[in-house]
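Please examine the sequence and the structure shown below. The paragraphs that follow lead through selected residues, one after another.

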Amino acid sequence: MQATFVTAALAVVVAASLSIPTSADDAFQPITSEGRFRDAVVDRKLAWGGRATMTIGGSGRVSGIVSGRAIAGAWEWRNSMYCRELDGRGSLPSVDCETVALKNETVRFTGDAGQGTARDWRVTP
């Protein structure tokens with residue numbers, strides 16, 4: 001009797017999970033063009049979990065504060081990725097090319113050409 005109840009409960013959970021609608025808006029959308037990157041991210045303040053802020057400037061400069069330390073550097077769009085070199089980097093690698101994806105007001109940078117650590121930054125007005 002108890003096994004039948006557990007099986008029935010499991011069937012209900014599986015059926016419910018299959019019927020939950022999802023949309024493309026629920027997923028991060030890759031940014032693969034410099035124009036889209038500039039529209040969504042450039043010259044806007046980015047915040048990372050209360051530990052960091054950063055601005056990726058339209059002139060090719062990066063500035064901000066990471067783990068209480070000032071960062072500065074340069075960036076360029078190369079091979080559908082955001083590539084940057086930072087000085088005084090705090091906890092971020094100093095040189096990296098990162099894939100970029102956007103979901104609502106969150107931009108995800110994934111280091112090491114998309115194979116490394118993903119960091120989600122909130123885009124602020």
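In this predicted model, the side chains of Glu98 and Arg84 are joined by a polar contact of 2.9 Å. Glu98 belongs to strand β7, which spans residues 95-103. Is Glu98 buried or exposed? Its relative accessible area is 6%, and because buried means under 20%, Glu98 counts as buried.

The surroundings of Glu98 may be considered next. When neighbours within four places in sequence are left aside, Glu98 is in contact with Met81, Tyr82, Arg84, Phe109, Thr110 and Gly111.

Attention now turns to the backbone. Most residues other than glycine have a negative phi. Which value does phi take at Ser80? Ser80 has a positive phi of about 65°, although Ser80 is not a glycine. This residue is found in the loop between β5 (69-78) and β6 (81-87). With a relative accessible area of 37%, Ser80 is partly exposed, because that category lies between the limits of 20% for buried and 50% for exposed.

A positive phi also occurs at Asp112, where the angle is near 55° and the residue is again one other than glycine. Where is Asp112 placed? Asp112 is part of helix α3, formed by residues 111-114. The relative accessibility of Asp112 is 51%; because exposed means over 50%, Asp112 counts as exposed.

How values were computed
Residues are numbered from 1 along each chain as its sequence is written. This is a predicted model: local features need pLDDT of at least 70, side-chain atom pairs count only at pLDDT 80 or more; totals for chains, interfaces and linings use all residues. Side-chain values use heavy atoms; hydrogens and water are left out. Helices (H or I, at least four residues) and strands (E, at least two) are DSSP runs, numbered from the N terminus. Buried means under 20% relative accessible area, exposed over 50%, partly exposed in between (1.4 Å probe, protein chains only). A polar contact is a pair of N or O atoms within 3.5 Å; within protein, one must be able to donate a hydrogen and the other to accept it, and residues adjacent in sequence count only if both atoms are side-chain atoms. Contact means heavy atoms within 4.5 Å.
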